[in-house]
Amino acid sequence: MRRSICVHHVTTLSLMLSTLTHVAFSALIKSRNLSTWPKPPCKMYYPIDPSYEANCPDVVAFVCATNGLTYKNECFFCIDRWEFGSRIEFVKYGKCT
């Protein structure tokens, strides 16, 4: 009985260590190149009625645009693009430098 408990603990410990090792190394190896992410799906943010005022969520996920502005999130970027036309293009996720 005692041996089966010990084997169970060793197995559990080895699985936990394996998982932690995998997470640590994948975080080091995986590049976080935000420029390869897909462009914002702006059509879902466009108002149906032109007189409708958009209510963007209060979430911080910066978007950089060609006009040099950093938007709080893709909703604010998309609404500006809807209002001012295609002169404003998506550059990357993150702050403009």
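**A first stop, then the whole chain**

Analyst: Val60 counts as exposed, at 57% relative accessibility. Here buried means under 20% relative accessible area, exposed means over 50%, and partly exposed is in between, with a 1.4 Å probe and protein chains only.

User: Where does Val60 lie?

Analyst: Val60 is in the loop between helix H1 and strand E1. Its C-alpha atom is 5.4 Å from that of Lys72, although the two are twelve residues apart along the chain.

User: Before we go on, what kind of model is this?

Analyst: It's a predicted model, where local features need pLDDT of at least 70 and side-chain atom pairs count only at pLDDT 80 or more, while totals for chains, interfaces and linings use all residues. Residues are numbered from 1 along each chain as its sequence is written, and side-chain values use heavy atoms, leaving out hydrogens and water.

User: How many helices and strands are there?

Analyst: The protein chain has two helices and three strands, and their order along the sequence is α-β-β-α-β. These are DSSP runs numbered from the N terminus: helices (H or I) have at least four residues and strands (E) at least two.

User: And how much of the chain is buried?

Analyst: Of its 97 residues, 22% count as buried. The chain exposes about 7,800 Å², with carbon and sulfur atoms supplying 63% of that; the areas come from the Shrake-Rupley method with a 1.4 Å probe, and for residues only the protein chains shown count as cover.

User: OK, let's switch to H2. Which of its residues are buried?

Analyst: The buried ones in H2 are Glu74, Cys75, Phe77, Cys78, Ile79 and Asp80. Strand E1 (63–65), strand E2 (70–71) and E3 are among the parts that cover them.

User: What happens at the start of H2?

Analyst: There, a side-chain oxygen of Asn73 comes to within 3.0 Å of the backbone nitrogen of Cys75. After H2 comes Gly85, which has a positive phi, near 90°.

User: What does the side chain of Glu74 join up with, then?

Analyst: It makes a polar contact of 2.9 Å with the side chain of Tyr93. A polar contact is a pair of N or O atoms within 3.5 Å; within protein, one must be able to donate a hydrogen and the other to accept it, and residues adjacent in sequence count only if both atoms are side-chain atoms. Beyond neighbours within four places in sequence, Glu74 also has contacts (heavy atoms within 4.5 Å) that include Pro40, Tyr45 and Val63.

User: How many salt bridges does a search of the whole structure find?

Analyst: Two. Asp58 pairs with Lys72, their closest N and O atoms being 2.2 Å apart. Asp58 is in the loop between H1 and E1 and Lys72 in the loop between E2 and H2, so this pair ties together parts 14 residues apart in sequence. Asp58 is exposed, with a relative accessible area of 66%, and Lys72 is partly exposed at 31% relative accessibility. Glu89 pairs with Arg81, with closest N and O atoms 3.4 Å apart.

User: Are Phe77 and Phe90 buried or exposed?

Analyst: Both Phe77 and Phe90 are buried. They also belong to one aromatic cluster with Tyr71 and Tyr93.

Definitions and conventions
Phe/Tyr/Trp six-rings, centres within 6.5 Å; stacked < 30°, edge-to-face > 60°. Salt bridge = Lys/Arg side-chain N within 4 Å of Asp/Glu carboxyl O.
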